[in-house]
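Walk through this model with me, one contact at a time. We start with charged pairs and then turn to helix packing.

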Amino acid sequence: MTKPSLPDLLHAAVSAVGGTERPGQVAMAEAVAEAIDDNSHRLIQAGTGTGKSLGYLVPALAHGERVVVATATLALQRQLVERDLPRTVDALHPQLRRRPQFAMLKGRSNYLCLHRLHEGAPQDEEEGLFDQFEAATPTSKLGKDLLRLRDWADETETGDRDDLTPGVSDKAWSQISVSSRECLGATKCAYGAECFAEAARERAKLADVVVTNHALLAIDAIEGAPVLPQHEVLIVDEAHELVSRVTGVATGELTPGQVNRAVKRSAKLVDEKTADALQTASESFERVMELALPGRLEQIPEDLGYALMSLRDAARNVISAIGATRDKSVHDEDAVRKQALAAMESIHSVAERITNGSEYDVVWYERHDRFGATLRVAPLSVSGLLREKLFEDRSVVLTSATLKIGGDFNGVAASLGLSAEGVEGDDVPAWKGLDVGSPFDYPKQGILYVAKHLATPGREGTRGDMMDELAELIEAAGGRTLGLFSSMRGAKAAAEELRGRIDNPILLQGEETLGELIKAFAADPKTCLFGTLSLWQGVDVPGPSCQLVVMDRIPFPRPDDPLMSARQKSVEEHGGNGFMAVAATHAALLMAQGAGRLVRATGDRGVVAVLDPRLATARYGSFLRATLPDFWYTTDRNQVRRSLAAIDATAQADGK
């Protein structure tokens, strides 16, 4: 039997999902197939509307090797598992003569833990063993969530938090879930045979395609204990997010509250001398943290150094001693001991990491008005880790609508541990970049407007001229506006001011769940939605409800961001341009994602307005503009108002 051709397979899959075949999608599928066949690596930029999911799924399924697909957002994971994969497998079955299996796999804490549900959550000493269902009043929000979780546990087949609709608070979920460190293990747990997390792992072992998230991919790479099954092909979708997700997983933190909770959990499980030493170390650490001022610690202060060393040593002694002491008064001792061990191991590893010191780590204090001080440690770069762990034993395809920064792939490639395109060496993974474009006609569908006449944004204070400009643009557009702000404070200030000045309803992030806000925004064209960075990727509203996307300023990282400023300094020390490599690249990625909210379908029309003159006047402006979709560009404020009014009039004439 002849092997079915890739174009035939792609055609069948696209037809099955009711889509339209596009040249970019075909080019992408061919590049993915070539990478899998050659065991090589690809960076593929595929603009919105390309149909990139099928562009990588079809060649991956056709090849027959096990594939892991890692995505950044829950929305795409669900789309793949609930829509794209079932339809694609059905469509390809007649030609492939096999039906590839697929499964979703997440970190353990995403699944309901039956042991925690039935036996209760071991909590702080003074509370005793906490029966969450007894303690939470049925009328409280927490109580209602917990009762709903108990009912849901009897009917769910997956135990996956994301299958629970509507969702519950993090606090409620934490009462019925465990981390991998807290888990007793399937063989020791009374509920091991029914465990949802174990079942998900078993399904993944049998699947041809495993859909996971960037965080689990990072855990698999960093912690050395394999979580994902062996695979020959890795596809990273939304790959522009990978570095920040891996950095997040590789970041450690210590707080006095966290240490105090761990002390209480361990107290009954060790002898008095060991417990007293831990208590003393905890108090010493708390005193140091009371005086902590926010900012980077290029040198560890002597008092902090001593406190961390005593905390590290005390934690190590507790870890050694926990197994030897049995306290008959402790109910469900295995779970209590496991939770105490997990807390101690976390404290020990972070204290030891900071105490040992590494030129490749950045350490800093953060202060929160409500929660006090936090000590954090993060890798200066994850590029070496990614190069070593991701690219050695498999073919890797990284794809996103935003991978070319300033016009080429090299900036993103460097952050992933890859050299410049075309450069090869013994320990340098070779890769090729491909931009398959977008099916959208950006110059005809959208305008990039830069408000060149406005004052340059300062660090503090309200921008009266910016507020005037924003109000006028919204009125010209008849609402239909997504306002993307570089800070929550900026979004709130704009919402408060404009609610008193214009008639259009303004929704604000945080006043309702993101899903509800987006639904309300899409339903009423006159409505505006204001929010901050987390909105920049979560909004997919085709049609006339989103015809104006406004960015208040270029979203450079804060100058006092310890990790970003350390990375910038490191680039400069190695002879590079730190500002362009770190700050400008960070801003370019965010702006490209923000601008990508405007055109989501072939019929969409509108304006991306940037209320920061530096995009037009600064030397780095052309670098940032080169990363944005190729919209028609203007700084003419009158022209853009006329265009918005015309787009609004057309939408109204169409009854939208």
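Begin at Glu34, which is partly exposed at a relative accessible area of 37%. Here buried means under 20% relative accessible area, exposed over 50%, and partly exposed in between, with a 1.4 Å probe and protein chains only. Arg42 counts as buried, at 4% relative accessibility. Glu34 and Arg42 form a salt bridge, with 2.5 Å between the closest N and O atoms. A salt bridge is a side-chain nitrogen of Lys or Arg within 4 Å of a carboxyl oxygen of Asp or Glu. The structure holds 32 salt bridges.

A word on the ground rules. This is a predicted model, in which local features need pLDDT of at least 70 and side-chain atom pairs count only at pLDDT 80 or more, while totals for chains, interfaces and linings use all residues. Residues are numbered from 1 along each chain as its sequence is written, and side-chain values use heavy atoms, leaving out hydrogens and water.

Next comes a salt bridge between Glu298 and Lys569, whose closest N and O atoms are 3.1 Å apart. Glu298 lies in the loop between strand S9 (295-296) and helix H14 (302-321), and Lys569 in helix H23 (residues 562-573), so the pair ties together parts 271 residues apart in sequence. Helices (H or I, at least four residues) and strands (E, at least two) are DSSP runs, numbered from the N terminus. Glu298 counts as exposed at 53% relative accessibility. Lys569 is partly exposed, at 33%.

Arg501 pairs with Asp468 in another salt bridge, its closest N and O atoms 2.8 Å apart. This pair also links distant parts of the chain: Arg501 is in the loop between helix H20 (488-499) and strand S16 (506-508), and Asp468 is in helix H19 (residues 464-477), 33 residues apart. Arg501 is partly exposed at 37% relative accessibility. Asp468 is partly exposed too, at 35%. Elsewhere, salt bridges that share partners join Glu469, Glu472, Arg637 and Arg641 into one network.

Now the helices. How do H1 and H3 cross? The axes of helix H1 (residues 6-16) and helix H3 (residues 52-63) come within 10 Å and cross at roughly 125 degrees. That makes H1 oblique to H3. Axes are lines fitted to C-alpha atoms, for helices over the stretch in contact, and angles run from 0 to 180 degrees between N-to-C directions. Angles under 35 degrees count as roughly parallel, over 145 as roughly antiparallel, 65 to 115 as roughly perpendicular, and the rest as oblique. On the H1 side, the contact is made by Leu6, Leu9, Leu10, Ala13 and Val14; on the H3 side, by Leu54, Val58, Pro59 and Ala62. Contact means heavy atoms within 4.5 Å.

Helix H12 (residues 256-266) packs against helix H13 (residues 272-290) at an angle of about 170 degrees, with the axes 10 Å apart. H12 and H13 are therefore roughly antiparallel to each other. H12 contributes Pro256, Val259, Asn260, Val263 and Ser266, while H13 contributes Leu278, Gln279, Ser282, Phe285, Glu286 and Met289.

Finish at helix H10 (residues 214-222). Its buried residues are His214, Leu216, Leu217, Ala218, Asp220 and Ala221. What covers these residues includes strand S2 (67-71), strand S6 (209-213), strand S7 (233-236), helix H11 (242-249) and helix H16 (383-390).
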